[in-house]
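Hi,

Here is the structure for your files. Please look through it alongside the notes below.

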Amino acid sequence: MMALLFSLITLPYAPNALEPVISQETIEYHHGKHLQTYVDNLNKLIAGTEFESMPLEDIVAKSQGAIFNNAGQILNHNLYFLQFRPVTGNPSPVTDIPSPLRDAINRDFGSFEAFKAEFEQKGTTLFGSGWVWLAANKDGKLVITQEPNAGNPVTKGLKPLLTMDVWEHAYYIDYRNRRAAHLQSLWQIINWDEINRRYTE
Ligand code: MN
């Protein structure tokens, strides 16, 4: 069977479009070097294995060790980079969240502000490297999970919707050690139409 090679996703915005929240330099390293390395590593690791013609989500669900780490990081980063849109100047993300996602956030967290506070708290307190996620269970109920290293809520049977990368490579150029400040700033560039699309698909 022909090997299914993975490739680096193309960003749907210019590398400087997310400034000042994420600098062009961070995008160039994070997308162009870190993510490219995961893609190159996975393609080498799966050659000649049962995984070489498998969709990415299936590899993440079924693999362990180095293959899981690189496949997980590709899936995580694809969802991460494709959830952003340029800064619009809208200071309140509450007003641009479409329903049914907006209704589900209010139902499951009480308010957007309560959701945002829990999400930032879980991202800030995740020890070491990893990801904080908004995910949905099979009934559409929303949950926030902390995933270490290359983790993704798909391994718990949840649908991943929104994520913040708390690996230092995601923020150290722009924010140095100020992880919380970085997480707080990311709300300005979330494309809620895309998050709602993931929720409803
Ligand atoms: Mn990253």
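**Manganese site**

His 30 is buried, with a relative accessible area of 1%. Buried means under 20% relative accessible area, exposed over 50%, and partly exposed in between (1.4 Å probe, protein chains only). His 169 also counts as buried, at 16% relative accessibility.

Before the rest, the ground rules. This is a predicted model, where local features need pLDDT of at least 70, side-chain atom pairs count only at pLDDT 80 or more, and totals for chains, interfaces and linings use all residues. Residues are numbered from 1 along each chain as its sequence is written, and side-chain values use heavy atoms, with hydrogens and water left out.

The manganese ion is coordinated by His 30 (NE2), His 77 (NE2), Asp 165 (OD) and His 169 (NE2), at 2.0 to 2.1 Å. Donors are N, O and S atoms within 2.8 Å of the metal (3.2 Å for Na, K and Ca); water is not among the atoms, so sites may look incomplete. The donor spacing in sequence is H-x46-H-x87-D-x3-H. His 30 sits in helix α1 (residues 24-46) and His 169 in the loop between β3 (159-165) and α6 (172-175), so the pair links distant parts of the chain, 139 residues apart. Helices (H or I, at least four residues) and strands (E, at least two) are DSSP runs, numbered from the N terminus.

**The sheet**

Three strands form an open sheet in the order β2-β1-β3, with antiparallel pairing. Two strands pair if DSSP finds at least two bridges between them. The edge strands are β2 and β3, each pairing on one side only. Neighbouring strands are turned by 25° against each other on average, direction ignored.

Strand β1 (residues 130-136) joins strand β2 (residues 142-148) through 7 bridges. β1 joins β3 through 6 bridges. Val 132 has Gln 146 as its bridge partner in β2 and Met 164 in β3. Trp 133 stands opposite Thr 145 in β2, and Trp 131 opposite Glu 147. β1 and β2 form a hairpin with 5 residues between them, and Gly 140 in the turn has a positive phi of about 85°.

How many residues of β1 are buried? 7 of the 7 are, so β1 is largely enclosed by the rest of the structure. Both of its faces are covered: Gly 130, Val 132, Leu 134 and Ala 136 lie on one side, and Trp 131, Trp 133 and Ala 135 on the other.

**Helix packing**

Two packed helices are described by the angle between their axes and the distance between the axes. Axes are lines fitted to C-alpha atoms, for helices over the stretch in contact, and angles run from 0 to 180 degrees between N-to-C directions.

The axes of helix α4 (residues 101-109) and helix α8 (residues 192-200) come within 9 Å and cross at roughly 80°. They are therefore roughly perpendicular (65 to 115 degrees; under 35 is roughly parallel, over 145 roughly antiparallel, the rest oblique). In contact (heavy atoms within 4.5 Å) are Leu 101, Ala 104, Ile 105 and Arg 107 of α4 with Trp 192, Ile 195, Asn 196 and Tyr 199 of α8.

α4 also packs with helix α5 (residues 112-125), at about 75° and with axes 8 Å apart. That pair is roughly perpendicular too. Ile 105, Asn 106 and Phe 109 of α4 meet Phe 112, Ala 114, Phe 115 and Glu 118 of α5.

Best wishes
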